[in-house]
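User: Could you take a close look at one part of this model for me, the helix packing, and then tell me what else stands out around it?

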Amino acid sequence: MNQVSTTQFTGEGALDTTSPVIQAKSLDLTFPTNDGPVHALSDVSLDINKGDFVSFIGPSGCGKTTFLRTIAALEQPTGGTVTVNGMTPDEARRARAYGYVFQAAGLYPWRTIEKNIKLPLEIMGYSASDQQERADRVLQLVDLEGFGKKFPWQLSGGMQQRASIARALAFDADILLMDEPFGALDEIVRDRLNEELLKLWARTEKTIGFVTHSIPEAVYLSTKIVVMSPRPGRITDVIESDLPRERPLEIRDTPEFLALAHRVREGLREGHAYE
Ligand SMILES: Nc1ncnc2c1ncn2[C@@H]1O[C@H](COP(=O)(O)OP(=O)(O)OP(=O)(O)O)[C@@H](O)[C@H]1O
């Protein structure tokens, strides 16, 4: 049977909706340092499709952040290629193809939450009314309605991290890159934010790349779990999750969840055996 083509054409050129949103091919990255070269990524190839929630898990220093930063044009690969929506990472950054959420919320303490969200929009020259409309909408998306006039220090750590997610969403980018956004939070707050992030993902249909150290977090959130080896970071396993998209926290006690967690743990162990 002939496959129906879903290729669409836009004014800016062809956009093939069947091709991956993010595609890494044989990516290699070595940092030159005073103590000699640090080989951070080795032969990393990966396809991320539209609407995927992809987690990256691996030991400390294996290159998870470096991989995310390469996608975001914050690092230059020394070999191989990455494309984002068919563009180079640099072009994708200029096209505002993604929002980036860092480990620390990184909010300016002297600006209110609303003004923190508006800052990048201000720099980009959005009109005052557009800024306001966007700030209101994203505050609602992360359940921070009514907190826009507060200063960061008036909010809990979890709320600050939600504000930083709101800031990353303000551009309406289809891709959200998140580097251990909940790593510094306690378990209970982290659980709640994980639940909220899944709801946000379902509502907005974003494509998400998410770095974590936590096996349960990776399994709970992801449609695809990418297991990496110790430095130089290589991909040792890509696990497609068959869990339903709607996931109450209790799903973590099911045999299906535990089987996935087991496979991730085994993948991490095997990665260590390479050293
Ligand atoms: N700008 C840089 N210059 C030199 N070395 C770097 C640079 N950035 C990262 N590295 C090194 O590259 C390796 C990969 O770092 P990266 O932060 O990507 O790892 P990670 O898996 O995200 O670690 P963690 O889980 O601890 O955050 C590490 O050894 C790190 O020290």
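Analyst: **Helix packing around α3**

Helix α3 (residues 113-123) packs against helix α5 (residues 157-169) at an angle of about 30°, with the axes 8 Å apart. Helices here are DSSP runs of H or I with at least four residues, and strands are runs of E with at least two, numbered from the N terminus. Axes are lines fitted to C-alpha atoms, for helices over the stretch in contact, and angles run from 0 to 180 degrees between N-to-C directions. α3 and α5 are therefore roughly parallel to each other; angles under 35 degrees count as roughly parallel, over 145 as roughly antiparallel, 65 to 115 as roughly perpendicular and the rest as oblique. From α3, I113, N116, I117 and P120 meet A163, A166 and R167 of α5, where contact means heavy atoms within 4.5 Å. By class, the residues of this contact are five nonpolar, one polar and one charged. Ala, Val, Leu, Ile, Met, Phe, Trp, Tyr, Cys and Pro count as nonpolar, Asp, Glu, Lys and Arg as charged, and the others, Gly among them, as polar.

A word on the source: this is a predicted model, in which local features need pLDDT of at least 70 and side-chain atom pairs count only at pLDDT 80 or more, while totals for chains, interfaces and linings use all residues. Residues are numbered from 1 along each chain as its sequence is written, and side-chain values use heavy atoms, with hydrogens and water left out.

Now to the other neighbour. α3 and helix α4 (residues 128-141) pack at about 130°, their axes 9 Å apart. That makes α3 oblique to α4. On the α3 side the contact is made by I113, E114, I117, K118, L121 and E122, and on the α4 side by Q131, Q132, R134, A135, D136, V138 and L139. This contact of α3 with α4 has six nonpolar, two polar and five charged residues.

Phi of D143 is near 60°, a positive value in a residue other than glycine. Most residues other than glycine have a negative phi, and most peptide bonds are trans. A cis peptide bond joins R231 and P232, with omega about -5°, and P232 sits in the loop between β10 (224-228) and β11 (235-240).

R231 also brings us to the ligand: with S60, K64, T65 and T66, R231 comes nearest among the 15 residues around the ligand, counted as near if a heavy atom lies within 4 Å. A polar side-chain atom of K64 is 2.7 Å from a ligand oxygen atom.

Terms used: Polar contact = N/O pair within 3.5 Å; in protein donor to acceptor, adjacent residues only side chain to side chain.
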